[in-house]
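Subject: Structure handover

Hello,

Here is the structure you asked about. Please have it open while you read the notes under it.

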Amino acid sequence: MAPSAVEPAVSREINNATVPVKPWVRPQKTSEPLEYVELPKIDLSRFDEPGGKQELAAQLYDAVTRVGFWSVVYTGIDDERVLRQFSIGNAFFKEPLEEKRRFPCNFADGKFFGYRENSRWVGDTGIKDNMEMLNMAKPIPAYADVGKHRLVEQNWDEIASFHRDLFQKVVRKLFVLISIILELPESYLADAHEYDEESDDFLRYMIYNTRTQQDWDKAQAYSKGGHTDFGSLTLLFSQHIAGLQIRTPEGEWKHVSPVDGGITCNTGDTLTFLTNGFIKSTIHRVVTPPKDQISVPRLGLLYFSRPGANTMMKTVPSPLLDRLGLIPQEDKDSDRPVASGTEYVRARVRDVHHRTVLDRREGTSFEFKGLKVPNYYE
């Protein structure tokens, strides 16, 4: 049996003194020859050109239906702002543990807002998960009461502006392009993920703390943590430490290369449900960094978009999906009770994260109100 995953908190008063935020710079890229997957680049500067959306949707079609990963460039999000968010995140993880623990994620209720420490044990290996994260809710009235750590409070105007701009300048446009692919009204999926309505979207600061090669080997011999994302869209900003891999349509694991000046994107399970499998939620994982990066913490900046309490988890009325025979008759019944996006995501979060030990889950599935997704932990 693994030891307790919760360490005793240090009894020390946390004051509200201004926390310094030192500029963070991306580490050097690895010099090791890794096998990278080729992903399409979607140039969002063309979005408002005449015919631009239709051309971009055509470019995105293969990525969302077969691969599940792509990148976007020329988003209108300046890299200076991105680096500033990395810097705030880096400063947060250097805060005292008792400050970070002030607002923990409420996994018992399936709520992902707040801090998750690296306290879970990897099976019976004696090795702990090396990932910490801080998830920040949308700056809307519905989440006004969500607690904020002192560093977040001190920089909230800047964080909130970045949070909203990511949705408006990137996420909303991607939902428009996917709606075009599905032959739906352009605003259909953006409306289903409306920023100013209740949904468990969040901006995430994340860090993979360093491990020895021996500890990496033990942890990954037990499980490499392959998984699909719970929500609809994930944005991942470039940080140069290699380790992210996707399982290609051919079944091979390949690294995802950093995108200079861009964002790596992927689709998740709820878009797969909304399209009855047409949109692909790709299995991905984080593996041991190359030897020339193993001593550098892997800092992450991500955005997760999730359908909200008013979006029902059934196949959307897409003419394309209808022609392909992908709309079940029961999904055409507007009176049939189904799970909302928020209900599904919170049930999934509770199942995966409300535990102190990361167990192997190969061959198992998660089921909730008629929705089913495999647990991929290879």
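Please keep in mind that the model is predicted.

Helix 2 and helix 5

Two packed helices are described by the angle between their axes and the distance between the axes. For helix 2 (residues 79-93) and helix 5 (residues 156-181), the angle is about 125° and the axes are 11 Å apart. That angle makes helix 2 oblique to helix 5, and the crossing is left-handed. Helix 2 contributes R81, V82, R84, Q85 and I88 to the contact, while helix 5 contributes E158, I159, S161, F162 and D165. By type, the residues of this contact are 4 nonpolar, 2 polar and 4 charged.

Helix 7

Which residues of helix 7 (residues 213-222) are buried? They are W216, A219, Q220 and Y222. These residues lie on the same side of helix 7, because the arc they cover around the axis is only 155°. Q214 and A221, on the other side of helix 7, are exposed. The cover over the buried residues includes strand 4 (121-122), strand 11 (284-286) and strand 13.

E362

E362 has a relative accessible area of 41%, so it counts as partly exposed. In sequence, E362 and G226 are 136 residues apart, yet their C-alpha atoms are 9.8 Å apart in space.

Regards

Notes: Residues numbered from 1 in each chain as written. Predicted model: local features only at pLDDT ≥ 70, side-chain atom pairs only at ≥ 80, totals over all residues. Heavy atoms only, no water. Axes fitted to C-alpha atoms, helices over the stretch in contact; angles between N-to-C directions. Helix = DSSP H or I, 4+ residues; strand = E, 2+ residues; numbered from the N terminus. Parallel < 35°, antiparallel > 145°, perpendicular 65-115°, else oblique. Left-handed = near helix turned anticlockwise from the far one by under 90°. Contact = heavy atoms within 4.5 Å. Nonpolar A, V, L, I, M, F, W, Y, C, P; charged D, E, K, R; others polar. Buried < 20%, exposed > 50% of the residue type's maximum accessible area, 1.4 Å probe, protein only. Arc of directions from axis to C-beta.
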